[in-house]
Structure formats: C-alpha cells, structure tokens
Amino acid sequence: MNDNQNTPLLEVRNLVVNFYTRGGVVQASRGVSFQVGHGQTLGIVGESGSGKSVAVQAVMGLISNPGRIEGGDIFFMGQSLLDPAGRKFVRKVRGKDIAMIFQDPMTSLNPVFTIGTQITEVLRHHLGMNRDQARKRAMDLLGLVDINAPEKRLKQYPYEMSGGMRQRVMIAMALACEPRLIIADEPTTALDVTIQAQILELLADLQQRLAVSVILITHDLGVVAQLCHRVAVMYAGRIVEVGDADQVFASPVHPYTKGLIRATPRLDVVTERMVSIDGVPPDLISPPQGCAFSPRCDQAENACLRPQTLTPLGDDRHVSCWCAIKGDTR
Amino acid sequence: MIGQKDIVTSRAAKEVAAGPPLICVKDLRVIFDAGRAGFWGRKRLQVHAVEKVSFDIHPGETLGLVGESGSGKSTTGRAILGRVPITSGTIFFQDKEITHAGKEMVRALSRYMQLVFQDPYASLNPRMKIVDIVAEPLLVHGLVKNTKEAAGEVAQLLELVGLPPDAGARYPHAFSGGQRQRVGIARALALKPQFIVADEPVSALDVSIRAQVVNLMQDLQARFGLAYLFIAHDLAVVRHISHRIAIMYAGNIVELADRHLIYESPVHPYTKALLSAVPVPDPPVQRARQRITCAGEAPNPMDPPAGCRFQSRCPHVTQTCRDTAPVLTSRRPGQTAACWNC
C-alpha cells in the first residue's frame, strides 16, 4: 500500500460499466474518472440515471448481474481494486478502509437484529474484537454520532428508531473501523429537512474531527454547497464538469452545470419564473453521439458530435464541452 | 428585503381575496383508527393526523401547504376531496357544505375539484393508452359516450399541457416522469375544475424537469383561474408558486401568511427552523448562514402531547406551552401564527 500524501486516496480512471438488460445494453458509466484527496469531500451531483451511484458502487464492488465493469480501473492508495491478483487486498479494504452509507436507513439495517448486534458484528469481523471490547466500542461510536443513552439504544431494533436516528446508526457503523474513505449515497434524501440539517452537520463535524475523506452523492446542489470541497457534475454516464465547489458554483462553465444551478430554486432569491432545461435526459441504451447534452444545449454546434473528454481549464477545473474549451466563456 | 415580485403578487392575492372563498375549511380534525393494543386489545389506538386546521382558498389563488412527513398535509388535501373520513369540523365549497359528502356527492364534486398525484409512475394505469386515461373522467361523468367522441377534447388537453399530438395513442411506459406528470395534469383538467389539490406534484421529478411542470401549472392557473392547494415539502418550490403559505407541524397549522411574510419575516420558531434548515446552493452564502437548531424529532401522532405540539423541540418553551395549545392569531396584516411566545 502506498501511503504517500501525493497519491490521491482514491482514483477512478475511465470507468466503464454496462448493464445487460432485456431492452439492450445500458451504458450506465461511460468513462468516468475522478480523484479524492486525503481529508477531502467530493460531491457527485447528477439527476436520476446519470450514473452517479453506479460509479461508487463499482468502488465498493457492488455491481452485480446484469451489470459488468468493462473498462477502466479503480485505485485505492495506489493499488488497484479491480486487479484479480489483489483480491485479498480488496476484501480487507472494502468495509474497513472504505465504508458506505446508503440512502434508506430502513432497508439497509437488518430488521431482525438489534442495533448492538449489527454494530458489534462489524467490529468483530474486521477488527477481531471480543464481545466485551466490541460492545464498549459500539457504545463509544453511538456517542460519537450524538445518540443519547447508547446502552439502551444497543438493545433496540431498527423499527424502534426514527429515520434520523437510524441514519446516525448507519454512520456509526461506517465509522466502526476508522475508515479513510466514507461513501455516502444520498444519505439524507429520505429524511425531512430539519433532520437532514442535523445529519449534514454531524457528517461535516466528523469529517473534520476524524480527517476522513468523503464522497457524497446527491441530486441536491444545496447539500453539496453545505458539505463539499470539490464537486463533480454528472450527466448521462459521464462527468461533465469537476472542480473546486466554490468556483464551480460561482462560475459554472458547462452548459448543463449552468442550467442545473439556474434550475435549482433558491430560498433566498425570488424570481419571476422558474428556469427549466428543455428536453429530457437521453436514453443510455443508445446515447447520442459526442456530447450527450447537445440535444438540450442551446450552444450546440457540429463540433459537439465529436467524442470529447474532460479537459483541464486551469485551476483544478476540468470540463467536457467543446464550446467551453474553445471560448473559455467564463 | 421584500422583492418587487412579491409585492405584485401579494397585491394580486388581495384582489383575489376580495371575493368569497372557493374553499373554506374550519376546525378540520381527522383521526384514524390504528387497531387495538394492550391486554385483549382493550386499548384503541388512534392516529391524530389533522387537528383543528382552518383556512380559506380563493378562486385563482394558490395556497402552499408545507410540512415534513407525517405532518398531516396530504390528509388535509384528501379530506377536502372527501377521500378521508372527517372526525369533526366543516368544509365548504363555495357556499355548500361538503363535510360529510357521501359517495354520490363526492362523485358530483369531482367535476369541480381534482387531484394531481405525487408519483407519476404509480398514478397512471400502465395498461391504458394515454387517450383513455385522459378521457376517463369525461366518460365517468357521462359527458361523452365513448373515447372516440372525446378524441377532439383529449387532443386539446394534450396540447394544453405540452404533449405531442401523437401521445394519445401511446402507453404510459413510453413517457418520462415529467411527461407522465403532464398526463396527470391533463386528466385533472379534463372536467374543467375550479380547484386542484396537487399533492407533491414535482417531488419525484428531477431538478431540470421540475421547473417545467411548475411553470405549466402557473400558466394553466393564469389561463383558467384555477385555485390550487399545493402540497409540498420543498420550501423553495412553494415560494415560486404560492400566494399564501401554511406551515404544518404534527397535524397543526403553526403559521399561515402571505408568501413574502413567511420568507422575509417568519414568526413561529418552527417556520424559522424549517427555513434555516434548507441548504442554499451557493457555498459562501451557505457557510455564512446561521442555522436555528431544532433538536429532537416530531411527536408520536398516536400520543400527541397536551399543549403545543412543537414544545419538545422549541427553544422558547414555557409552562403555558405545555398546558394549553395555542391557536392561530394575527401578527400583522396577512400573517397569523400559533405560538404563545412569539
């Protein structure tokens, strides 16, 4: 393992994931590349079907039939997670150094076991603790995620807890093995806004205190604004723009990013009319040639039919748009 | 700061409000039976879903009804349409009492009041063609004898909601979420209603599509003078479409005000907490915002506390709040709130 600070903690390179369905081959991830640095929070935003979840499921090894990883590579601390020779490394890393928090805390906790059983299972499996050690550590973890009376909570079943409380338990389980990377897939989508605010605050606080890296998947630009250092915007199985969150929000370059920011209604701004992006996202069984956004883009021209890749545009920003590269329209 | 647009719409709202209300809900209470518990089932379980809710909706007006899950907002909408048994209170449509409308009356009323559902995937029958879905209300009400007779009208409706003319011949699966929601709206409009309850109509849609549907609903309102009860949990969307907004918490309306007052000068501590919890998609602005924390979670609807239902999470709670439930009282012109300490 390479623990050099210069190597990114996680690097996804040109990831291609296809799903073989009855209707045809769905190209869910069409060459996705991104990096996550140490102690950094990367937000991946996109609409439903943009491939944001597929990208991180590949990292966790959760792509199963009919899906197949058919290209690219994933490196964790410089070592490949897809290389068949590194199986042992992968088993050790997933769940221990990389932990995942899912969207729906009701379905990702087992309803027939107590919270305590489920947290201690992780500790005993990955860290080889005995019963007492694991129980003590589990109580500490619940305290860490601000759950009161941990002793009582350990004996409870998931149904006895509210959605917010269950998500806290999921976070505690993710933290159990002191991971270096936490992947949170829409962690607050199923929660009410006041509870969402509590959970986001908790995540931000833990991220800082424990210096973990976080990948946050969401469709809500507000959540990204609150939590993320960097942001990657996905559209139709590709990243169209990635860069420092403040800069991307302040001066988006890709027409889709611009449209998305304009279309997101804001509490603090009153506008005459909501702005929409005309048209609908493409079908990923037969995605359009070249830039997938071009059918909905008002700047589209012939050049947009050519295949394109993420191109650096100064200060850590990468964009995949011919018009932006040509004109640098900032 | 109050935006120019807000002043304009609030003036418009007042003009609308001059006439008699279209819908008048007073002290609405809905309690659901939830089975029995205890030794030999001696204890009856009841869910107090809606408790003493009152509001008016005028022709051409949109009332936004906002609240978190379980706050009773959907139940309120369904109660107006006669789809939920009402425990007490009254509901008037124009000057007719419809509180305990029977099957016949609900059917007759559906010519004037319609519902647009949240999930555009579950609310359209996958085995019916779009033309049959949109023509069904016309058939049910005997306005046409068969779908063929309705073809002209259906084509008009589809055009009205921005669907291609050949859409009628296709099945729901051929359409995206946003287009399906347009079908749902076309179906609701078929009988030329005066009032539409829209139950989270855009919550299931992606951001880029959401605005299309909201704009469509606004255009239709301007054209036909429709009144909407717009139920939502997204405060940012509600701000765009509503003239007035009611905030619900655990079955109660805690604040009801013209929309600019809700956003510019909220009174109730829950409204404040709710507004401050919505993240703003602008990192520097979001970092600078002060969040009003509101720890804890909503009370159990099977066993609501005496007094104010927000007491367990309220930073300003006093003994009065624990003893007596507050009612909506006027705070300034166009704004009412239910709170003892604000």
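**Exercise 1. Find which residues of α4(A) meet which residues of α7(A), and sort them by class.**

Solution. From α4(A), the residues Ile115(A), Gln118(A), Ile119(A) and Val122(A) meet Val169(A), Ala172(A) and Met173(A) of α7(A). Contact here asks for C-beta atoms, placed from the backbone, within 7 Å. Helices are DSSP runs (H or I, at least four residues), numbered from the N terminus. Next, the classes: six nonpolar, one polar and no charged residues. Ala, Val, Leu, Ile, Met, Phe, Trp, Tyr, Cys and Pro count as nonpolar, Asp, Glu, Lys and Arg as charged, and the others, Gly among them, as polar.

A word on the model: it is predicted, local features need pLDDT of at least 70, side-chain atom pairs need 80 or more, and totals for chains, interfaces and linings use all residues. Residues are numbered from 1 along each chain as written, with chains lettered from A and ligands numbered from 1 in written order.

**Exercise 2. Describe how the axes of α4(A) and α7(A) are arranged.**

Solution. Start with the axes, lines fitted to C-alpha atoms over the stretch in contact, with angles from 0 to 180 degrees between N-to-C directions. Those of α4 (residues 115–127) and α7 (residues 163–175) of chain A come within 9 Å and cross at roughly 20 degrees. Angles under 35 degrees count as roughly parallel, so α4(A) and α7(A) are roughly parallel to each other.

**Exercise 3. Work out what chain A brings to its contact with chain B.**

Solution. First, the contact takes 36 residues from chain A and 36 residues from chain B. Then, α8 (193–210), α9 (221–227), α10 (245–250) and α11 (255–263) of chain A each supply at least two residues of the side touching chain B. Finally, that side of chain A divides into 18 nonpolar, eleven polar and seven charged residues.

Notes
Contact = placed C-beta atoms within 7 Å. Parallel < 35°, antiparallel > 145°, perpendicular 65-115°, else oblique.
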